[in-house]
Amino acid sequence: MTTMESLIGLVNRIQMACTVLGDYGGADNSTFSSLWEALPSVAVVGGQSSGKSSVLESIVGRDFLPRGSGIVTRRPLVLQLHKLESGAQEYAEFLHLPRRKFTDFALVRQEIQDETDRVTGKTKQISPIPIHLSIYSPYVVNLTLIDLPGLTKVAVEGQPESIVQEIESMVRSYVEKPNCIILAISPANQDIATSDAIKLAREVDPTGERTFGVLTKLDLMDKGTNALDVLEGRSYRLQHPWVGIVNRSQADINRNVDMIVARRKEREYFATSSDYRHLSNKMGSEYLAKLLSQHLESVIRARIPSITSLINKTIEELESEMDHLGRPIALDAGAQLYTILELCRAFERIFKEHLDGGRPGGDRIYNVFDNQLPAALRKLPFDRHLSLQNVRKVVSEADGYQPHLIAPEQGYRRLIEGALGYFRGPAEASVDAVNFVLKELVRKSIAETQELKRFPTFQAELAAAANEALERFREESKKTTLRLVDMESSYLTVDFFRRLPQEVEKSGTPAAASNIDRYAEGHFRRIASNVSSYIGLVADTLRNTIPKAVVYCQVRQAKQSLLNHFYTQIGKKEGKQLLQMLDEDPALMERRQQCAKRLELYKAARDEIDSVSWVR
């Protein structure tokens, strides 16, 4: 293969890699877009029925494009030609059908039509979404051609009025790119001044550096006339020479005349024509293909430094993407176990960062103790419990048939024990609130652990194991906090009772006080006040001890031993079970495979560029 063929074939492969990467959504697509735009390609532009399809088929040497009246090309067709060794079998591949090879080009034509209809419907609408087709043949030169919908001046039946502007905007989006070579197709039997292709090319490429003029239908001109003024650059001069093409006649198409035969007939036409014989070596579809290839080579040579730079940048981003996606899972059980432990450690590191303040979320636990618990304690119904009516009822029932002599000890005990029972609710609520926060932090930590994104099955098992551990910690914490409340109920502070007789003596003799105050409101109000004071002391104590118990039993345990039980279970699993846990997301596996293929291709492209001899 010549240096020219190597260069153009290399660019073809890079363009295909850019296309696939852009579709599957790997690393930053802007990089691949920039690389695609840095690579030269050839856009085929012309009015409807100007002979665009015939020119493409002549270059390819195959009859493979849909035909018909009106607008036939309704989506861009990115056609990549790959030259094979002599004698190799021709075939075609579509990007949307990557594992299917077409050797029957009639089926290629049908697939182009079907794929167009899948997006646009069986109407005359257009779509900017391209169809990507690669053709591998010994009879082509390495080339990338983009067939675009034909320019038109009026909308036909079934098309919106905006179709004219839509087609022009679509065509412009390709030909305005500075690295796009414009293949402007004009029929010879029409005045060149009315050529839609030349008009557009002159607007986007006023110097003509990127434009190649192609004149079709030379054999259909009126007798006695010729297109020499155009072909020799007198009517409209371009920097590149005009090329004349003789397409197959409709009769040849109807008879399915072989394209190889059609090429021979084209050569014979120019060789025997009195008008064009002196230009015959610079006419025809074969010459056009070679001319484009030679021009592409010179453009590629000039672009090599920028292309190499972009390829290197692309390789760096792909390698970063591969690191992000992770390497394939090892088949060895020991390596799989190591991978699982590494995943667990990565998760635990992020979970602890949430608790310790390195990441947000741990402060919500402090909010439980600093706001929710005190607010819950303040809302306890002590006013109702220590109302005058309830105190009188409890104290009276506690004495039974024997009235109390000094302080109603049993009444005090029952009032205090009844009040302390209310503390169980805030204690349990604090435990549940912290448990909820910890579970949320587990969920967030799993989501933020990039290494886990590969393994949805393992994510689910890890989440289940962590939540199961948190439930165990919650139960232990609840037992401990309720014990704190029960301890306050089981033993009342002695000093509190010792102060009660002293308060009674200040009002007179014990007997007198007993006779006067036992059934008076002041007596019961004093009891309620004393109980309220004691409950306040207990509330202050629990406000400090409940958070300590919760932190010790839940938060501390979550930091130190959240996955201990999970580690024990993992150690008992066999290799097959470990592999099942590391079952990757199929989409991610496909993404990694595509990324690896593209990375391999770009590295090969870089090496190939370095190895190509730049000697002309």
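Leaving out residues up to four places away in sequence, which residues does Leu462 touch? Select Leu462 and show what surrounds it: Cys344, Phe347, Ile446, Leu452, Leu563 and Phe566. Bear in mind as you click around that this is a predicted model.

Now widen the view. Leu462 belongs to the largest nonpolar core, a set of 68 residues. It is also among the residues with the most contacts inside that core, along with Phe347, Phe351, Phe423, Phe458, Leu562 and Phe566. Colour helix 20 (residues 521–561) next: with 14 residues, helix 20 supplies the largest share of this core. Then jump to Leu151, Ile163, Ile182 and Tyr236, which are included in a second, separate core of 38 residues.

Time for the rings. The count of aromatic pairs comes to nine. Start with Phe347 and Phe351: their ring centres are 6.0 Å apart and their planes sit at 20°, so this pair is stacked. Both residues are in helix 11 (residues 333–356), and because they are four residues apart there, about one helical turn separates them. Phe347 and Phe351 are both buried.

For another geometry, pick Phe382 and Tyr422. Here the centres are again given as 6.0 Å apart, but the planes make 80°, so the pair is edge-to-face.

One more ring stop: select Tyr269, Phe270 and Tyr276, which ring pairs link into a cluster.

Next, look for charges over rings. Show Lys101 and Tyr91: the charged end of Lys101 sits over the Tyr91 ring, 4.5 Å from its centre. Then show Lys177, which lies over the face of Tyr174 at 5.6 Å from the ring centre.

Last stop: helix 4 (residues 105–120), where you'll find Glu111. Why does Glu111 count as buried? Its relative accessibility is 8%, and the cut-off for buried is under 20%, so Glu111 qualifies. Show its surroundings, setting aside neighbours within four places in sequence, and Glu111 is in contact with Phe94, His96, Leu97, Phe102 and Arg118.

Key:
Residues numbered from 1 in each chain as written. Predicted model: local features only at pLDDT ≥ 70, side-chain atom pairs only at ≥ 80, totals over all residues. Heavy atoms only, no water. Core = buried A, V, L, I, M, F, W, Y, C linked by side-chain atoms within 4.5 Å. Buried < 20%, exposed > 50% of the residue type's maximum accessible area, 1.4 Å probe, protein only. Helix = DSSP H or I, 4+ residues; strand = E, 2+ residues; numbered from the N terminus. Contact = heavy atoms within 4.5 Å. Phe/Tyr/Trp six-rings, centres within 6.5 Å; stacked < 30°, edge-to-face > 60°. Lys NZ or Arg CZ within 6 Å of the ring centre and 35° of its normal.
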